[in-house]
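Trainee: I would like to learn how to read a structure, one feature at a time. Please show me the general idea and then the case.

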Amino acid sequence: MTMPMYVSPEQLMKDRADFARKGIARGRSVVVASYATGIAFVAENPSRTLHKVSELYDRIGFAGAGKYNEFENLRVAGIRYADMRGYSYDRRDVTARGLANAYTQTLGTIFTQESKPYEVEIAVAQVGSSQQTDQIYRLTYDGSVTEERGFVAMGGVSEPIATALRERWAPDLPLAEVLRVAVEVLAARDEEDPRDLAADDLEVAVLDRRRPRRTFRRLGGPLLDALLDEASATQDVPTQDDPRPGLHDTLTQDLAAVDPDATDAPADTRAGDTTADDTKADGSDGEQDTTNPQTQRED
Amino acid sequence: MSADQGHGLSLEFRTPRGSSFTEFLATRAPELLPGAGLRAGGEGVVEAPHGTTIVALSFAGGVLLAGDRRATMGTFIANRDMEKVFAADDYSAVGIAGSAGMAIEIIKLFQVELEHYEKIEGTLLSLEGKANRLAAMIRGNLANAMRGLSVLPVLVGYDLEDRRGRIFSYDVTGGCYEEQRHHSVGSGSLFARGALKKLWHDDMPEEQGLSVAIEALFDAADDDSATGGPDLGRRIWPTCAVVTEAGVRFVDDERLEELTQAVVAGRRGNPGGAR
């Protein structure tokens with residue numbers, strides 16, 4: 001029988017951290033950023049069904065980067081934790097801080113005790129009544145947690161993205177501007193070879209602070225195109241949803257035509273935008289899409 | 001064991017399992033399941049408030065669900081403005097008759113169950129799926145039903161695939177039956193059903209559907225002491241939920257007042273409602 005070789009705790013932890021970091025760096029990045037009326041999640045993710053961003057609870061969202069099965073496992077655990085807490089106490093007693101604490105304990109235990117650490121970075125964000133009360137927590141593979149002000153970039157090669165965001169992010173930006181900034185910094189992560197990220201390569205969702213209960217909404221279709229288009233007057237998501245489930249794709253201008261009070265788009269630019277009716281083909285006809293159900297109306 | 005025991009997401013939270021919250025709760029904290037504390041109790045009948053009449057009917061474009069507001073305990077009126085109609089999720093509503101405490105617990109769990117599935121799977125449960133989940137919960141309450149704590153729900157919902165409103169009724173053993181046109185449960189349901197049979201028409205507009213539901217509740221209250229009639233003095237109106245393609249919506253008080261006053265006025269001098 002051979003004696004197991006002695007490895008110092010320092011070396012062991014360093015090896016584990018290197019391993020986890022390498023795994024995370026292979027994936028693509030995610031940006032979570034607060035804006036005037038909510039918190040935006042922008043992930044580079046060509047899949048429409050395997051999500052990196054998810055609803056955890058009424059005002060709390062989740063973003064994961066790194067190994068899918070591992071952050072998916074954490075996402076589901078978080079939903080169970082939140083639903084259980086909300087069910088046994090009250091919906092108000094579910095907080096991002098509580099979830100971040102639960103995650104940090106879990107990741108810390110896994111990092112030191114399991115045969116392999118999780119190769120993940122996750123963010124838990126809670127939208128507050130104002131931008132000052134928004135909370136964004138970033139958690140890494142070893143269980144360390146930090147509360148970030150305003151924005152966080154993680155996964156992949158996140159350092160240059162975070163640096164670029166630090167220069168360009170500002171409080172009180174409208175959603176459209178924050179999304180454009182996020183997409184540009186995600187596309188420019190590799191300085192030699194900047195890419196062009198289209199709406200199809202992105203997974204975008206928001207926690208909209210103006211909504212009363214469940215605030216999480218996925219964005220897609222013509223609405224996302226309009227938000228990413230600098231020429232468009234659409235600056236924010238409508239506060240009311242399409243009648244049927246599916247991607248949140250009602251254009252702000254469309255809604256403005258029906259109800260002038262329900263929009264954030266400036267009145268003078270509204271009339272000039274002609275894309276609204278032409279592009280709204282998605283969801284209203286043909287096959288039903290019952291996925292992405294975060295499209296409830298307010299009662 | 002409770003929700004805040006220990007820190008972190010213990011292995012139970014992370015074990016791959018189905019997307020049912022009820023099943024998760026049964027392994028993690030079974031004491032939180034509806035009626036769990038009562039299961040260990042002795043024999044005998046418990047006296048607790050009971051809710052009474054619920055009517056459901058279909059109309060052109062959807063289904064609606066209405067309930068009176070009275071809860072009784074024997075001959076005693078326990079509550080005059082109880083809510084017995086709830087939104088289960090965006091596209092379904094559920095009304096309950098029977099033991100009020102049990103029913104509210106079951107509805108609360110049912111709501112979390114549907115939302116939990118939605119979040120985990122990223123898609124809505126089908127309307128049949130919802131109806132079957134509710135059936136399982138009612139079946140789980142059978143032991144309590146034997147002691148007089150029965151819960152009988154009616155589920156109405158908009159089927160996004162079939163593009164129509166549907167009504168599901170239940171029995172205490174968890175049997176789930178799809179109803180055509182209209183249905184009623186609770187102590188006053190005998191009378192409400194009679195009224196529904198006479199007043200319901202195919203393809204009624206929503207407004208007329210609401211009037212018919214209110215009139216059916218009026219008839220139930222007329223002959224059943226446990227069902228609350230329109231309380232004009234206190235301005236307490238029945239709860240009405242309308243489910244259409246656009247989701248669940250509760251009818252506001254002004255409109256209910258208008259409709260109820262019209263029904264009451266129509267019955268003045270004609271209390272039996274003969275046509």
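Trainee: How do H1(A) and H3(A) cross, and within what distance do their axes come?

Mentor: First, the terms. Helices (H or I, at least four residues) and strands (E, at least two) are DSSP runs, numbered from the N terminus. Axes are lines fitted to C-alpha atoms, for helices over the stretch in contact, and angles run from 0 to 180 degrees between N-to-C directions. Now the case: helix H1 (residues 9-26) and helix H3 (residues 96-113) of chain A cross at roughly 115 degrees, and their axes come within 10 Å.

Trainee: Which residues make that contact?

Mentor: Contact means heavy atoms within 4.5 Å. H1(A) brings A:Met13, A:Arg16 and A:Ala17, while H3(A) brings A:Ile110, A:Phe111 and A:Thr112. Sort them by class. Ala, Val, Leu, Ile, Met, Phe, Trp, Tyr, Cys and Pro count as nonpolar, Asp, Glu, Lys and Arg as charged, and the others, Gly among them, as polar. The contact of H1(A) with H3(A) has 4 nonpolar, 1 polar and 1 charged residues.

Trainee: What kind of model is this, and how is it labelled?

Mentor: This is a predicted model: local features need pLDDT of at least 70, side-chain atom pairs count only at pLDDT 80 or more, and totals for chains, interfaces and linings use all residues. Residues are numbered from 1 along each chain as its sequence is written, chains are lettered from A and ligands numbered from 1 in the order in which they are written, and side-chain values use heavy atoms, with hydrogens and water left out.

Trainee: Which residues make the contact between H2(A) and H2(B)?

Mentor: Start with the angle. Helix H2 (residues 68-88) of chain A and helix H2 (residues 21-28) of chain B cross at roughly 80 degrees, with axes that come within 11 Å. H2(A) is therefore roughly perpendicular to H2(B). The cut-offs: under 35 degrees is roughly parallel, over 145 roughly antiparallel, 65 to 115 roughly perpendicular, and the rest oblique. A:Arg80, A:Asp83, A:Met84 and A:Tyr87 of H2(A) meet B:Phe21, B:Phe24, B:Leu25 and B:Arg28 of H2(B). By class, this contact has 5 nonpolar, no polar and 3 charged residues.

Trainee: Now strands. How do they pair?

Mentor: Strands of a sheet pair through backbone hydrogen bonds, either parallel or antiparallel. Two strands pair if DSSP finds at least two bridges between them. Take strand E1 (residues 30-35) of chain A, which pairs with E2(A) in the antiparallel sense over 6 bridges. A:Ser34 has A:Ile39 as its bridge partner in E2(A). The two strands form a hairpin with 2 residues between them. E2(A) also pairs with strand E9 (residues 202-208) of chain A, antiparallel over 7 bridges. There, A:Ala40 is partnered by A:Val206.

Trainee: Is E2(A) buried or exposed?

Mentor: Buried means under 20% relative accessible area, exposed over 50%, partly exposed in between (1.4 Å probe, protein chains only). In strand E2 (residues 38-44) of chain A, 7 of the 7 residues are buried, so the strand is largely enclosed by the rest of the structure. A:Gly38, A:Ala40, A:Val42 and A:Glu44 point one way, and A:Ile39, A:Phe41 and A:Ala43 the other way.

Trainee: In what order do the strands of the open sheet in chain A lie?

Mentor: The 5 strands run E3-E4-E5-E6-E7, with antiparallel pairing. Strand E3 (53-57) and strand E7 (145-148) are the edges, as each pairs on one side only. From one strand to the next, the twist averages 25 degrees. E3(A) is joined to strand E4 (residues 60-66) of chain A by 4 bridges.

Trainee: Which residue takes a positive phi in the hairpin of E4(B) and E5(B)?

Mentor: B:Gly74, with phi near 65 degrees. That hairpin has 2 residues between its strands. Strand E4 (residues 71-73) and strand E5 (residues 76-79) of chain B run antiparallel, joined by 3 bridges. B:Met73 has B:Phe76 as its bridge partner.

Trainee: Last, is B:Ser99 buried or exposed?

Mentor: B:Ser99 is buried, with a relative accessible area of 2%. It lies in strand E7 (residues 92-99) of chain B. Beyond its neighbours within four places in sequence, B:Ser99 is in contact with B:Pro49, B:His50, B:Leu149, B:Ser150 and B:Val151.
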